[in-house]
Amino acid sequence: MRWIAAVVVTAALGLFGSAQAQEAESLFQEAVQATQVADYEAALTKFEAALQADPNNLRYGNEYRLTGVKINQVKTYDRCIAFFKQLVADHPKAPNAWMNLGYAYVDKIPTEGAITQVLLANTALGHFSTALDLEESWLGRYTRGNSYLYWPAIFGRTRWAIADLEKAVALSQETDKRNYQARAYRGLGEAYWRLNDLEKARQIWREALELFPDDKELPVLLGQDDKALNAFLTAHFEPGKRVDTNVSALWEDTASQAWLGQDDKVPPAPAPIQVETGRHVDTTEGEISGKAN
Amino acid sequence: MNVTTCEKALRWGAHGLVVVGLVAVLLGNWPPVSAAAEQAGESWFEEVADRAGIRHQHASRSFKNAYADIMKGYTALGAAVAVGDYNGDGFEDFFATTSEDHGKNLLYRNNGDFTFTETGEAAGVANGNDESNASADAMWFDYNNDGRLDLLVIRFGHSQLFENMGDGTFKEVSTQAGLNQQYLNSIVAIAFDYDRDGYLDILFGNYFQPVNLFNPSTPHFFPESFETANNGGGVTLYHNNGDGTFTDMTDKAGLRFSGWVLDLGHADADHDGDDDLYVAVDFGQDRFFVNNGDGTFTDMTEKAIGVDTKKGMNADWGDFNNDGLFDVYVTNITDEYMREGNFLWKNNGDLTFTDVARETGTYDTGWGWAGKFFDYDNDGWLDLYVVNGWVSAGEENYVVDIFQLITSPNVDLSDARNWPPMGNKTLSGYQEKWLFHNQEGTLFTNEAARHGLNSKLDGRGIAVADFDNDGRLDLLVSNANARPLLYRNIQPTGNHWVQFSLKGTRSNPLAVEARLWVTAGGQTQVGFVNGGNGFASQSMLRVHFGLGKATQIERLEVAWPSGVRQTFTNLQPDRMYVVVEGQSEILPFQPTAPKEEAAKLH
């Protein structure tokens, strides 16, 4: 997975552990603590400072956006979008900044009318594509493929979803198995549902269940008859519902079933990060790369 | 407020019994209620338009200008039906519009036996379409308080007011009335007495801004936004001066705004004695105006309904949950590509509303148009019928083109030239209609397929009327570029009902705005006389109540627009009554024998 490798390279180049990285992490921890005491204004400012110091940090961006979702005000969504737009303008080669910008647009969707929702979703797709142009990744492929699934089949984007999700599956097969990888299989089956090929969809889900027997979503999909499944997935892909853009599963416990994909519920805040005095605990992408490789 | 109370029950005399007998004979003639329909699960409606002699076909206007190909996709409108007993024979007649150049509008006289005779040309009301005007809607009201229904034909261009001469003919009085002094792209109108001076005023809803669509001077007449457009036609309020003329009072009344209005609905939201307004607006914010009681309105939109970016198509008021407050049903666009959802605005009683469309199951009716409250099974709870569908055409789907436009950066949407021509493509077409049965005010279930009301034509208007005076509400549906549908209600529930025809003396003669509370079997319902609420259609002015199994009407209270209140007790159900403002005796409703009426007119 090249995107993970890039993080490793970045770390190897000296950012990890550098003064700048330490400063970024320190700001991030302060932001997290501010969030915990509901001082959201201070938290957002600290998150922004952390991201300015480490613009390609997916985790910082994730927590920043999720704090915005927790506040759930249009002006906060606009603030997040504006911040990431400036961040990618300043750091156009940072794929994770582009990913976070795309997610920021997705986060705003529930606050807008149906047409603006389309514009936001379409803009987000463009930013996910830019991230992928910069760097191939499971996350990029999964995210963009999953985003295409929200478009009715009439728009012809389901085939693009299949291409992205098949690539995500292929990328996951090149690495150690992680629970979150089941999501690409689920999405791939959902793409065939979009095309009214329920047989193919169920075949993919059954194969995925063999690979991920502990997955909790796959049995739900497989346990429904055609009518119930259609109702379930139609509701699941209802435009305008809040899509859970929390990608923390990438660096949290790999045995967990944290869900990257869609849910109309606001995701729970990530578990507080324990910091021992005098000891730097890195839970950013660098740690992921270490586990993944 | 001058309030008088008269309490006296009608004792039906011999004449009333004869009338009831006549109605029963008429009912027994044609068509008989089939034995199958008596069975639970069978259809309770029959589509009888052809048998009833209603065979015209609506056609949209094809414009002949530089933007004609583009406009074609956005003007599949103008199929309207307005019900009114214009000849006073006790049977509801109706007027229907078409929109094609020089297409003839139609006046259908009810023969009393569930057949109709078209008399538009003879009556002088057929010529509603020419190279400079296109018919969009129609409305019956009494503009000169002579007790006869006059006709307003609402048009893109200049609307037409026809005075009912009382002999089956009409005389156009638009110019004398001062109604054609300004070009308006009006698509809807309602009549109500906003200042309670005893004369019905006209509120026009205008879709496009007042650019002459037949020869536009600018290409910038399309909506500037899909969600916040403010370059539409707004509303125009014509105050009835009481001398046969009208004066534009839009600004003075505080109703000036520039939304893309598609429908208007009036009702007394707070029971303060004057009617408030819900305005359904395409491409953005619906509006709610509170009547201040002094000839002005206050825009209370933000407090009442909050922010809305949807495509409001319809505004009908009715008390769906029998809590004594009038609620509002608004249709929007709900399809797989855009999930706006309808509004069922539950009236909170404090001039605010809560949308309960999702929890009541009335959220998704496709690309909605008219949606009308009515109690089709007379169980005492208002049901809903909703028609839908924009353009049903070829296999190709226009939504791809329109989304290409939407997602293109920096496009000036107000410029018609930027919009893709629709050609023969379909957009939200072939949609089944919805008949929502009210489950005691908490949930609605779709019964359209069971009752054969699930046509896939591109529906526009719904007129609810009791065409055969049998106490069962029938439906007349207008469809764009198709024939209308007439559904005769043959439901066999045996539930009881009552209807009231109100005649104002101090109030406007049609008693528009009058509120009625009927208590039967311990349950109280509220209704009102409405002056044309709902998209592209007008229902009968008579007020109908389903009474369920109640065999006695304990109480009727009428609040007239003048402020007069009257109460009657111990009325018999399954009858039609006439209530005259200020008269202590309630009268039987007396339809004229159809043959006698026909002979009189010809």
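Author: The model is a predicted one. Over all chains, a search of the whole structure finds 63 aromatic pairs. One of them is formed by Tyr74(B) and Tyr398(B), whose rings lie 6.4 Å apart, centre to centre. The angle between their planes is 65°, and the pair is edge-to-face because planes over 60 degrees apart are counted in that way. In the chain, the two residues are 324 residues apart, and the pair thus links distant parts of chain B. Tyr74(B) belongs to the loop between helix H2 (68-71) and strand S2 (81-84), while Tyr398(B) belongs to the loop between strand S25 (383-388) and helix H8 (399-406). Both Tyr74(B) and Tyr398(B) are buried. Ring pairs also join these two tyrosines to a cluster, whose members include Tyr67(B), Phe156(B), Trp260(B) and Trp419(B).

In chain A, helix H4 (residues 58-71) packs against helix H6 (residues 95-108) at an angle of about 15°, and their axes are 9 Å apart. The two helices are therefore roughly parallel. The crossing of H4(A) and H6(A) is right-handed. On the side of H4(A), the residues in contact are Leu58(A), Gly61(A), Asn62(A), Arg65(A) and Val69(A); they meet residues of H6(A), among them Met99(A), Tyr103(A) and Asp107(A). By class, this contact has 5 nonpolar, 4 polar and 2 charged residues.

Definitions and conventions
Residues are numbered from 1 along each chain as its sequence is written. Chains are lettered from A and ligands numbered from 1 in the order in which they are written. This is a predicted model: local features need pLDDT of at least 70, side-chain atom pairs count only at pLDDT 80 or more; totals for chains, interfaces and linings use all residues. Side-chain values use heavy atoms; hydrogens and water are left out. Axes are lines fitted to C-alpha atoms, for helices over the stretch in contact, and angles run from 0 to 180 degrees between N-to-C directions. Helices (H or I, at least four residues) and strands (E, at least two) are DSSP runs, numbered from the N terminus. Angles under 35 degrees count as roughly parallel, over 145 as roughly antiparallel, 65 to 115 as roughly perpendicular and the rest as oblique. A crossing is left-handed if the near helix is turned anticlockwise from the far one by less than a right angle, and right-handed if clockwise. Contact means heavy atoms within 4.5 Å. Ala, Val, Leu, Ile, Met, Phe, Trp, Tyr, Cys and Pro count as nonpolar, Asp, Glu, Lys and Arg as charged, and the others, Gly among them, as polar. Rings of Phe, Tyr and Trp (its six-membered ring) pair if their centres lie within 6.5 Å; planes under 30 degrees apart count as stacked, over 60 as edge-to-face and the rest as tilted. Buried means under 20% relative accessible area, exposed over 50%, partly exposed in between (1.4 Å probe, protein chains only).
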